[in-house]
Amino acid sequence: MTTEQAAPLTGKAPERPPEGEPAIELVDVCKSFGKTEVLKGISATVGAGETVCLIGASGSGKSTLLRCVNLLSPPTSGTMRLHGKTITDPKVDLNAVRSRTGMVFQHFNLFPHKTALDNIAVALRRVRKMSREEARQRGLAELEKVGLRHLASSRPGQLSGGQQQRVAIARSLAMEPDIMLFDEATSALDPELVKGVLDVMKDLASSSGMTMVAVTHEMGFAREVADRVLFMDRGVVAEEGPAREVLTSPRTPRLQSFLSQVL
Ligand SMILES: Nc1ncnc2c1ncn2[C@@H]1O[C@H](COP(=O)(O)OP(=O)(O)OP(=O)(O)O)[C@@H](O)[C@H]1O
Ligand SMILES: [Mg+2]
């Protein structure tokens with residue numbers, strides 16, 4: 001019988017920092033488009049491995065906030081740190097930040113003429129410089145995780161909307177992001193397809209230790225999966241707390257009114 005050995009000190013660094021450390025820190029983040037102030041001083045922290053749902057009325061700034069976090073559309077002012085690194089620094093490498101931050105949108109933007117597998121593999125070859133075979137194996141493994149390995153050779157037009165969205169999630173995950181951002185990933189789907197995508201997101205939240213921020217109108221999902229909920233109202237975080245508490249005992253009249261409309 002062999003004795004248990006201590007991990008070698010020279011071993012590979014862990015892929016993600018330990019849970020509990022902040023993965024995302026936002027300090028007084030503001031975003032304006034011309035004279036329109038959309039985000040009016042957002043301060044929030046998301047712990048590593050935490051799942052946070054962002055809820056709020058249309059136009060409250062949820063998508064704008066996610067687009068700030070992955071620097072698709074950087075904030076006008078304020079400070080943002082990802083795993084302790086200040087990404088609002090003008091010298092930051094935008095591509096490096098974006099590649100560590102996976103984002104899944106309502107519309108999945110797969111290449112229509114490529115198979116599900118190639119949609120994933122092409123990014124791995126271009127961005128990760130993987131060989132064709134390495135990218136293929138990795139792509140198949142990611143498709144397996146979202147239950148679609150058997151459809152690897154199908155093109156997007158041959159897949160349902162829910163399956164396409166699962167391919168888009170697999171494509172993001174293949175890049176091994178530290179953080180996944182979801183912007184209403186299920187709201188363009190027919191009701192019967194929503195569950196399959198939410199199940200993939202649930203698995204990700206519970207089994208992988210991934211840090212997730214999901215904008216959602218699915219309050220059942222938020223209650224079940226989110227560690228915390230942030231309620232945005234007209235460009236500010238108007239209320240936040242543990243999911244069950246925020247969703248079942250809202251303190252502010254604005255959140256009470258919002259929940260009475262969506263529940
Ligand atoms: N590029 C832009 N230029 C000008 N105004 C913008 C731009 N992007 C967003 N806005 C404005 O910012 C506000 C917030 O938009 P945002 O898309 O963040 O809202 P949201 O909370 O995601 O809404 P929804 O639930 O409908 O997706 C809206 O009033 C919108 O018109
Ligand atoms: Mg939006």
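**The largest pocket**

The largest pocket has a lining of 20 residues, and R98, T101, M103, S172 and M175 lie nearest its centre. A pocket is an open set of points, on a 1 Å grid over the protein atoms alone, where a 1.4 Å probe fits, with protein on both sides within 12 Å along at least five of seven lines; lining residues have an atom within 4 Å of a point. This is a predicted model, in which local features need pLDDT of at least 70, side-chain atom pairs count only at pLDDT 80 or more, and totals for chains, interfaces and linings use all residues. Residues are numbered from 1 along each chain as its sequence is written, ligands are numbered from 1 and chains lettered from A in the order in which they are written, and side-chain values use heavy atoms, without hydrogens and water.

- Two or more lining residues come from each of α2 (94-100), β6 (101-104), α3 (116-127) and α5 (161-174).
- The pocket's volume is about 570 Å³, taken as the space filled by probe spheres set on the points.
- Its lining comprises ten nonpolar, eight polar and two charged residues.

*Ligand 1*
- The residues around ligand 1 (a heavy atom within 4 Å) include F33, V38, K62 and H217.
- Helix α1 (residues 62-69) gives the most to this shell, with three residues; helices are DSSP runs (H or I) of at least four residues, and strands (E) of at least two.

- An oxygen atom of ligand 1 lies 2.5 Å from a side-chain N or O atom of T64, a polar contact being a pair of N or O atoms within 3.5 Å.
- For E184, the corresponding side-chain distance is 3.3 Å.

Conventions:
A polar contact is a pair of N or O atoms within 3.5 Å; within protein, one must be able to donate a hydrogen and the other to accept it, and residues adjacent in sequence count only if both atoms are side-chain atoms. Ala, Val, Leu, Ile, Met, Phe, Trp, Tyr, Cys and Pro count as nonpolar, Asp, Glu, Lys and Arg as charged, and the others, Gly among them, as polar.
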